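Visitor: I have a new structure to look over. Please take me through its main features.

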Amino acid sequence: MDLLNTLVDKGLRRESPTRDEALAVLATSDDDLLDVVAAAGKVRRHWFGRRVKLNYLVNLKSGLCPEDCSYCSQRLGSTAGILKYTWLKPDEASEAAAAGLAGGAKRVCLVASGRGPTDRDVDRVSETIRTIKDRHEDVEVCACLGLLSDGQAERLREAGADAYNHNLNTSEATYGDITTTHTYADRVDTVNKAHAAGLSACSGLIAGMGESDGDLVDVVFSLRELDPDSVPVNFLIPFEGTPLAKEWNLTPQRCLRILAMVRFVCPDAEVRIAGGREVHLRTMQPLALHLANSIFLGDYLTSEGQAGRADLEMIADAGFEVEGADQVTLPEHRVSAAGGCGSHQGAGCGSQAEAGCGSHEGAGCGSHAAGGCGSHEGGGVCGTASAPEPAANEARTDLVAVRRRGAGTDLAPNA
């Protein structure tokens, strides 16, 4: 297929596809799906080999968020039966992080619900970061606390944070349809604050909220322009008790096409499969490893994930290998002279000098799937015909399990 040959050539040169080409990936048929995966897989292997980075979420503060993000189980007015608790103590958070690190994770993502942190909250999280780093010298730490005020990113960086996550989630044109208590511009501002402070910026999207192909392409091109160091791709988990509980719009095939499109637009960025992979990719999760080079290990913020051991077996069975703590995630040209991701020396994890979606990885810390309200997680077709809307996926509510173990409970975490 000429389209795929063109996209592979561009990906190997770190050249952006056109908007029409990105739309065409989403419009490919199921008959062409394996060809699409194989083509995007060439780009993924060129920049990241067969390494899979593991990341682990620690939900520092769960529920009771004042924001109204429609997709989130922690939102204002949510009746989802999730765990609700206030801030974990630094020792508690460190113990939770240790479980993920023992399972093979090299990055810990510290997430808290809410609009954004107060200065006291930043002090609390800073102490938590220092506690984790004191006990686990090589770990990467990403914070995900919502909208940042001036100076807060710098304070997190001084405390030892490597990265900050704040997702754009959807296109600017449709952002107001999913959230009214803050704006798309607020999110962009926070990503820019993280960049300016020398943190590795992490920002991604949520697919499956009823958006068009044009919306998906728009948000991914916006991310490329923003240049975060990683792009987490979340697939909506329709929690009962949230406004999007009936939005079952994804099939495994559509999820794979979305991941392939993100890889082509952001060829040398870390693309992370974040929340919802178990619900929507299901038995086709191993194919997604040919597109993304990073996943979350175990459970999410408010929902259960695949067993950590099953994640490791899946990676090995698919012919991939877990990225070690001594390995640098990014391609050499994306790594700052000071060390880059995986080495932790000097300033931020990834170099922002290069264009494109971003250098370093970065957990999709507020991976929507788990619901992190404050952390979280239309367009035309430029001359081509719109792809037909996919048939509604069968609702698999049996696969949506509220997290009842790990942080905030007395039960051992899933890692």
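Guide: One term is needed at the start: two strands pair if DSSP finds at least two bridges between them. Strands β8 and β9 are joined by 2 bridges and run parallel. Please note also that this is a predicted model.

Visitor: Which residue is the bridge partner of arginine 272 in β9?

Guide: The partner of arginine 272 is serine 294.

Visitor: And what joins β8 to β7?

Guide: Strand β7 (residues 230-235) runs parallel to β8, and 4 bridges join the two. Within this pairing, valine 231 stands opposite valine 271 of β8. Between the two strands the chain passes through α10, and the β-α-β crossover is right-handed.

Visitor: Which way do the β8 side chains point?

Guide: From β8 (residues 270-273), Glu270 and Arg272 point one way, whereas Val271 and Ile273 point the other. All four named residues are buried. In a regular strand, side chains alternate between the two faces of the sheet.

Visitor: Let us turn to β1. How many of its residues are buried?

Guide: In β1 (residues 51-61), 11 of 11 residues are buried.

Visitor: Which strands does β1 pair with?

Guide: β1 runs parallel to β2 (residues 107-112), with 6 bridges between them; valine 58 stands opposite leucine 110 there. Strand β9 (residues 294-296) pairs with β1 over 3 bridges, also in the parallel sense, and asparagine 55 faces phenylalanine 296 of β9. Strand β10 (residues 321-322) pairs with β1 in the parallel sense over 2 bridges, where arginine 51 has glutamate 321 as its bridge partner.

Visitor: What lies between β1 and β2?

Guide: Helix α4 (residues 90-102) forms a right-handed β-α-β unit with β1 and β2. Alanine 93 is located in α4.

Visitor: Why is alanine 93 called buried?

Guide: Its relative accessibility is 0%, and the term applies because buried means under 20%. Alanine 93 touches Val58 and Leu60, as well as Leu88, Thr128 and Ile132, if residues up to four places away in sequence are not counted.

Visitor: What does alanine 288 touch?

Guide: Alanine 288 is in contact with Leu256, Leu259, Ile273 and Leu281, leaving aside neighbours within four places in sequence. Alanine 288 belongs to helix α12 (residues 285-288) and is buried, at 0% relative accessibility. Its C-alpha lies 8.5 Å from that of cysteine 255, which is 33 residues away along the chain.

Visitor: And α13: which of its residues are buried and which exposed?

Guide: In α13 (residues 308-317), Gly308, Asp311, Met314 and Ile315 are buried. These residues are on the same side of α13 because they cover an arc of only 120° around the axis. Arg309, Ala316 and Asp317, on the other side, are exposed.

Visitor: What covers the buried residues of α13?

Guide: The cover includes β1, β9 and β10, together with α11 (277-280) and α12. After α13 comes glycine 319, with a positive phi near 85°.

Visitor: Lysine 10: buried or exposed?

Guide: Lysine 10 is buried, with a relative accessible area of 11%. This lysine is found in helix α1 (residues 2-12). Not counting residues up to four places away in sequence, lysine 10 touches Glu15, Ser16, Pro17, Thr18 and Glu21.

Visitor: Finally, what is the mean pLDDT of the chain?

Guide: The mean is 87, and 86% of the residues reach 70 or more. Over residues 337-390, however, pLDDT is below 50, although the model gives this stretch 245 contacts beyond near neighbours in sequence. Where pLDDT is low, the predicted coordinates should not be read in detail.

How values were computed. Residues numbered from 1 in each chain as written. Predicted model: local features only at pLDDT ≥ 70, side-chain atom pairs only at ≥ 80, totals over all residues. Heavy atoms only, no water. Buried < 20%, exposed > 50% of the residue type's maximum accessible area, 1.4 Å probe, protein only. Contact = heavy atoms within 4.5 Å. Right-handed = clockwise from strand over helix to strand, strands pointing away. pLDDT = per-residue confidence, 0-100. Arc of directions from axis to C-beta.
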